[in-house]
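Please read the following walk through a protein model with the sequence and coordinates open.

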Amino acid sequence: MAAFKSDFLRVLSERGFIHQVSDETGLDDLFAKETVTAYVGYDATATSLHIGNLISATMLYWLQETGHRPIALMGGGTSMIGDPSFRDEQRGLLTPEKIGENIEGIKKIFGRILRFGDGPNDALMVNNADWLMQLNYVEFLRDVGRHFSVNRMLSFDSVKLRLDREQSLSFLEFNYMILQGYDFVELSRRYDCRLQMGGSDQWGNIINGIDLGHRMGTQQLYALTTPLLTTSSGAKMGKSANGAVWLNGDVFSTYDFWQYWRNTEDADVERFLKIFTRLPLDEIARLAALGGAELNEAKKILATEATAIVHGRAEAEAAAETARKTFEEGVTDASLPTIEIGNGLLEAGIGVLALFVSAGLAGSNGEARRHVQGGALRVNDTPVTDDKRLITMADVSAEGAVKLSLGKKKHVLVRPG
């Protein structure tokens, strides 16, 4: 681990954020002597960011905490194309209206993570549509495109892997890395931005921007990437049984978010505490040293702290309390994930397998049937033994819901509506 002089790089290094830096000594010197502006770009391909994006957003948080200025760059322009990096096929094209809607959803997260304002290290939220949508195509080709070597662009892994598999790469997508590089130049000119940060899959694109800046006369620019985060068992971070783990509560509930962290593998607890919480390192070391059943307490702290950053302290503690009641007292709580089904279905009776599929606790009737055979499904805390059982209004509890459970940790309330 490098012995950095600057607070920012030292914090990132100690907490496990750094994978590659374009010029460690030069960047460390820059951070040690002046207030630095750095950015991370986020394409607006959905109404919410996901856990993978939380890593880079947390780097922006530590940037601000150590006295520097973060920029969250919204890809209003680049989202019109879509990043082809390490994808097998082209993304679906989004309308400007949908991109705008997605950006509004993403803004909610940054309002919790960063401080915005007019001070010297207050965060900025910038949209690259402000300059990309104003470009004149011929002028852009002459002034910017001439600095890019197609031979070199073809050598980048994000492009080469697609071509090696003989999968189509459209001319539209091929332009993405040029626009991303140009973003860096524009941010340097407009905001004196010196550093771009991102995941390790963005290294080639960021280096492109540094090279373009050099050719177009900017100050020296820098790159910093984070490692691709996987669990100790090798799984990619951010996937749950129900799909991606989103940061917005209207897409992925606060309770499910808390549970995702509570289910962290033992070997990942210390690493995730460092990256996804703001706890002091000595406290993290104490928690990581716990063994056996005590390690579960560290997982609960990880879950509550990570959830508090994204959803707020009150909602995080409410989710923790719901989990405690559900698992320790076996009671139904109104803050569990909830779905509604029509009164008519319950009055007529709905098959237990179909209901578990509708609740997202099983992917198919066959999968639900296997869970029944394994004794993993419960209705109102009673094991399901008959896969042909019907759920009716008689199963609705005094609290007005049917509680479905998969194992000990996944629960959904079904309310007649």
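What follows describes selected parts of the chain, one at a time.

The model is predicted, so local features need pLDDT of at least 70 and side-chain atom pairs count only at pLDDT 80 or more, while totals for chains, interfaces and linings use all residues. Residues are numbered from 1 along each chain as its sequence is written, and side-chain values use heavy atoms, with hydrogens and water left out.

Begin with helix 1, residues 7-15. Helices (H or I, at least four residues) and strands (E, at least two) are DSSP runs, numbered from the N terminus. Buried means under 20% relative accessible area, exposed means over 50%, and partly exposed lies in between (1.4 Å probe, protein chains only). In helix 1 the buried residues are F8, L9, V11, L12, S13 and R15. Their cover includes helix 2 (24-33), helix 3, strand 5, strand 6 (222-226), helix 13 (269-276) and helix 14 (281-288). After helix 1 comes G16, with a positive phi near 85°.

Strand 5, part of that cover, spans residues 193-199 and holds Q196. Q196 has a relative accessible area of 4% and is therefore buried. Contact means heavy atoms within 4.5 Å. Apart from neighbours within four places in sequence, Q196 is in contact with Y39, Q180, F184, I206, Y222, A223 and L224. The loop between helix 10 (176-191) and strand 5 contains D192. The phi of D192 is near 55°, a positive value in a residue other than glycine. Because its relative accessibility is 34%, D192 counts as partly exposed.

Helix 4 (residues 96-113) and helix 15 (residues 295-311) cross at roughly 115°, their axes coming within 7 Å. Axes here are lines fitted to C-alpha atoms, for helices over the stretch in contact, and angles run from 0 to 180 degrees between N-to-C directions. Helix 4 contributes I109, R112 and I113 to the contact, and helix 15 contributes I309, V310 and H311. By class, the residues of this contact are four nonpolar, one polar and one charged. In that count, Ala, Val, Leu, Ile, Met, Phe, Trp, Tyr, Cys and Pro are nonpolar, Asp, Glu, Lys and Arg are charged, and the others, Gly among them, are polar.

Next come the charged pairs. Side chains of opposite charge can pair when their charged atoms come close. The structure holds 18 salt bridges, a salt bridge being a side-chain nitrogen of Lys or Arg within 4 Å of a carboxyl oxygen of Asp or Glu. One of them joins E65 and R115, with the closest N and O atoms 3.2 Å apart. E65 lies in helix 3 (residues 51-65) and R115 in the loop between helix 4 and strand 4 (124-127), so this pair ties together parts that are 50 residues apart in sequence. E65 is partly exposed, at a relative accessible area of 41%, and R115 is partly exposed at 39%.

A salt bridge also forms between D211 and R152, again with the closest N and O atoms 3.2 Å apart. This pair links distant parts of the chain, as D211 is in helix 11 (residues 203-215) and R152 in helix 7 (residues 150-155), 59 residues apart. D211 is partly exposed at 28%, and R152 is partly exposed at 35%.

How far apart are the closest N and O atoms of D268 and R271? In this salt bridge they are 2.8 Å apart. D268 has 0% relative accessibility and therefore counts as buried, whereas R271 is partly exposed at 31%. Elsewhere, salt bridges that share partners join R369, D387 and K388 into one network.

In helix 18 (residues 352-358) sits F356. Is F356 buried or exposed? At 0% relative accessibility, F356 counts as buried. Not counting residues up to four places away in sequence, F356 touches L361, A362, L377, R378, V379, L404 and S405. From F356 to P337 the C-alpha distance is 13 Å, and the two are 19 residues apart in sequence.

Finally, turn to the surface. Y137, V138, L141 and F171 form a nonpolar patch there, with about 440 Å² of accessible area together. Patches are made of residues with over 30% relative accessible area and no salt bridge, with like charges joined within 9 Å and nonpolar side chains (Val, Leu, Ile, Met, Phe, Trp, Tyr) within 5 Å. Accessible areas come from the Shrake-Rupley method with a 1.4 Å probe, and for residues only the protein chains shown count as cover. Helix 6 (residues 137-143) supplies the largest share of the patch, three residues. L141 is found in helix 6 and, at 39% relative accessibility, counts as partly exposed.
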